[in-house]
Amino acid sequence: MMKVILDSLNKEQRKAVETIDGPVMVLAGPGTGKTQVLAARIAHIITSTDTPPYAILALTFTESAAANMRERVVSMIGKDGYYVNISTFHSFCADVIRSNPEYFSIDRKSEPLGELEKYDLFQRLIDVTKLKALKPFNQQYFYIDDIISSISQLKREGFTPDQFKKIIAEEFDDKVKPDKKTALAKFLSQKLKNEELCLLYDAYYKELKRIQRYDFDDMIALVAEAFNTHELLLRDYQEKLHYFLVDEYQDTNSAQNAVVDLLGSYWEEKANIFVVGDPHQSIFRFQGASVENTFQFLKKYPGAEKIELETVYRCTQII
């Protein structure tokens, strides 16, 4: 069965599937068969090595994409495909938190903060925080959506309140103050808004710790922090997982990237990390996706195999 699958692949696809050891980056545009390559690679690892299915972790962005990948793997190798760890980033991190509550400063029965709970919490924080720029006199919740969105973005990029405070200090240093009156007014206004945003971020950060809760964005950041802080936890997952595959890599943000890099850190530059993406198609940029991750991968893993899938199988008719 595996031979038939390999024979059905083009030269570049087959190379991506058969290059098992070490870091690999596949650049693949729409319609080039990247999902088939990911599934075939998982199947090939299981059938050609003594790697058990549960030692493979494949991460993607949506539940439908994860289900599609699993369906393909099962069709290739049968029931073993059900034991492969194929999930979204959030599902994987939620499972880490649930399975290892002793490493996280949250109630073990805690669920992620719902959107209504989150909105209500920010209303209360705005009420009790001394604000000027972000709390207009007659519309004190005018900026609440922007505040929630900005803090969510900061979390996805892995910035703590303290780190954000340092960024503000550097970005709005007195040395870069403009001379012109209008430009100076805008500069000072932006500085104040960012400083107040930092105050709210810090208050939100502390309140979540106080009530031992976390929000949707925290799941990945909490796991990255725990892996970075608790060597025993990280080693436990590194003993379980030996191969890592990431779909839509161009859409990964800093926190997601940190989780993958930490999992592979035991093997350093020889980690079996396989990423697939198109740096020209970042769909989730609004979710904090960092296209730079695609280029940083090659810096972090200088010996990585780079493969380009150029044959498009979608829309093959002449237009």
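**Entry 1: two helices**

I looked up how α2 and α3 meet, and α2 passes α3 in a right-handed crossing. I kept in mind that this is a predicted model.

Next I wanted the residues behind this contact. On the α2 side I found Gln13, Ala16, Val17 and Glu18, and on the α3 side Val37, Ala40, Arg41 and His44. I sorted the contact of α2 with α3 by class and got 4 nonpolar, 2 polar and 2 charged residues.

Then I turned to the geometry. Two packed helices are described by the angle between their axes and the distance between the axes. Here α2 covers residues 11-18 and α3 covers residues 34-48. Their axes come within 8 Å and cross at roughly 40°. Angles under 35 degrees count as roughly parallel and 65 to 115 as roughly perpendicular, so I noted α2 and α3 as oblique to each other.

**Entry 2: the largest pocket**

My next stop was the largest pocket, and I wrote down a volume of about 720 Å³. Its lining is made up of 30 residues. Which of them lie nearest the centre of the largest pocket? I found Thr160, Tyr205, Ala221, Leu222 and Glu225 there.

I also asked myself which helix gives the most to the lining of the largest pocket. My answer is α10, with 8 residues. The helices that each supply at least two residues of this lining are α7 (144-156), α9 (181-210), α10 (218-229) and α12 (254-264).

Last, I checked the classes in the lining of the largest pocket. I noted 16 nonpolar, 8 polar and 6 charged residues.

Methods: Residues are numbered from 1 along each chain as its sequence is written. This is a predicted model: local features need pLDDT of at least 70, side-chain atom pairs count only at pLDDT 80 or more; totals for chains, interfaces and linings use all residues. Side-chain values use heavy atoms; hydrogens and water are left out. On a 1 Å grid over the protein atoms alone, a cavity is a set of points where a 1.4 Å probe fits but cannot get out, and a pocket is an open set with protein on both sides within 12 Å along at least five of seven lines; lining residues have an atom within 4 Å of a point. Grid points are joined across faces, edges and corners, and a volume is the space filled by probe spheres set on the points. Helices (H or I, at least four residues) and strands (E, at least two) are DSSP runs, numbered from the N terminus. Ala, Val, Leu, Ile, Met, Phe, Trp, Tyr, Cys and Pro count as nonpolar, Asp, Glu, Lys and Arg as charged, and the others, Gly among them, as polar. Axes are lines fitted to C-alpha atoms, for helices over the stretch in contact, and angles run from 0 to 180 degrees between N-to-C directions. Angles under 35 degrees count as roughly parallel, over 145 as roughly antiparallel, 65 to 115 as roughly perpendicular and the rest as oblique. A crossing is left-handed if the near helix is turned anticlockwise from the far one by less than a right angle, and right-handed if clockwise. Contact means heavy atoms within 4.5 Å.
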